Amino acid sequence: MTTPSIDAELIRRMPKVELHIHLEGCFTPARIAELAERADEPPPRPLGELWAVDNLADFLLSLDWVCSLVRDAETAETIALDFARYAHDQGIAYAEVIVNPTHWTGLSTDTLFAALASGFDRAARGGLGDFRLLPSILRQQSADDAVALVRWMGAAGIDRIVGLSIDGNEAAAGRTGTRFAGAYALARSLGLGATAHAGESSGAEGVRDAIELLGVSRIDHGIRCVEDPAVLDLVIERGITLNLCLTSNCTLVYGHLDAHPVVELARAGVSFTINTDDPETLGVTLCSELELAGAHLGWTTADLVAAQRRAVRAAFCDPTTRLKLTGALDRFAQGG
Ligand SMILES: [Zn+2]
């Protein structure tokens, strides 16, 4: 047995990968205040209490309002750069950022993603990190809306778009696997990665549907697969990676980390990664979530590096990027 030996500075220095983070949850308070003043738009609740909500409807009201303040390409590019600076500060070398265009009502899908990709290009040139985009379907959308988004992804020619995501409240939308199977099949046929939120507001059946109907290789959350041993087995057999967000899950699902199934998932041999979901709205960072996971699971430095290797394996990047990330982790693990 080795003794847990992870300190905060070591976590910060480690080259990290994050696969489950929503750009909508990354607006800094200062940026929100600036955009609100410029738009002369009253917030749905006082600015300091935007995220102090106790239900999803109020949360979405705040989120939609914040995103609606972005009304031109230059501002969207600034939001991308804000994210890049945060990520760089955290020591994140590579991230796949979920963006749901239905929240960004002030911009067309074209303008939004072109501007975000341009911001990420600038960030990469400036040495801030390598950040990619996962356009996301909203669960409440129609099959036609979803197919239209994927067709747009295929035609847009934006290299930073690497996969398709779906998010939104599954409990409210019901089982939608069949509705979105066509969009996911199209995305996979275009060579895009496939991930889906499931097993958070839905139970184990949501995880099964994401695997069997959407053909995903990753699931965002997926934690409630533990409620059905057959679905847990399916996750393991298919080598599906679960992108966990401990604080987010404790806020919305479990109430306390002791009730979170991460220990059970680890014991069962599930491939999982640690992520933030919405760092600004939850008041967390990737480093703080890794500290939390490390302390809760009794991780050694080797365990921490192993979790990062799982994230690198599950990333939707090209082989050259994967080799680069693996090399950076190797150097870190060797004390370089
Ligand atoms: Zn999420």
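Reply: Strand β4 is joined to strand β5 (residues 193–198) by two bridges, and the two run parallel; strands here are DSSP E runs of at least two residues, and helices are H or I runs of at least four, numbered from the N terminus. Two strands count as paired if DSSP finds at least two bridges between them. Gly193 in β5 is the bridge partner of Gly163. The model is predicted, so local features need pLDDT of at least 70 and side-chain atom pairs count only at pLDDT 80 or more, whereas totals for chains, interfaces and linings use all residues. Residues are numbered from 1 along each chain as its sequence is written.

β4 also pairs with strand β3 (residues 130–138), in the parallel sense and over three bridges. There, Asp167 of β4 is the bridge partner of Leu138. Between β3 and β4 the chain passes through helix α6 (residues 143–156), in a right-handed β-α-β crossover (with the strands pointing away from the viewer, the path from the first strand over the helix to the second runs clockwise).

Five of the five residues of β4 (residues 163–167) are buried, so the strand is largely enclosed by the rest of the structure; buried means that 20 or more other C-beta atoms, placed from the backbone, lie within 10 Å of a residue's own. In a regular strand, side chains alternate between the two faces of the sheet. Both faces of β4 are covered, with Gly163, Ser165 and Asp167 buried on one side and Leu164 and Ile166 on the other.

The open sheet has eight strands in the order β1-β2-β3-β4-β5-β6-β7-β8, with parallel pairing.

Notes: A residue is buried if 20 or more other C-beta atoms lie within 10 Å of its own, exposed if 12 or fewer, and partly exposed in between; C-beta atoms are placed from the backbone.
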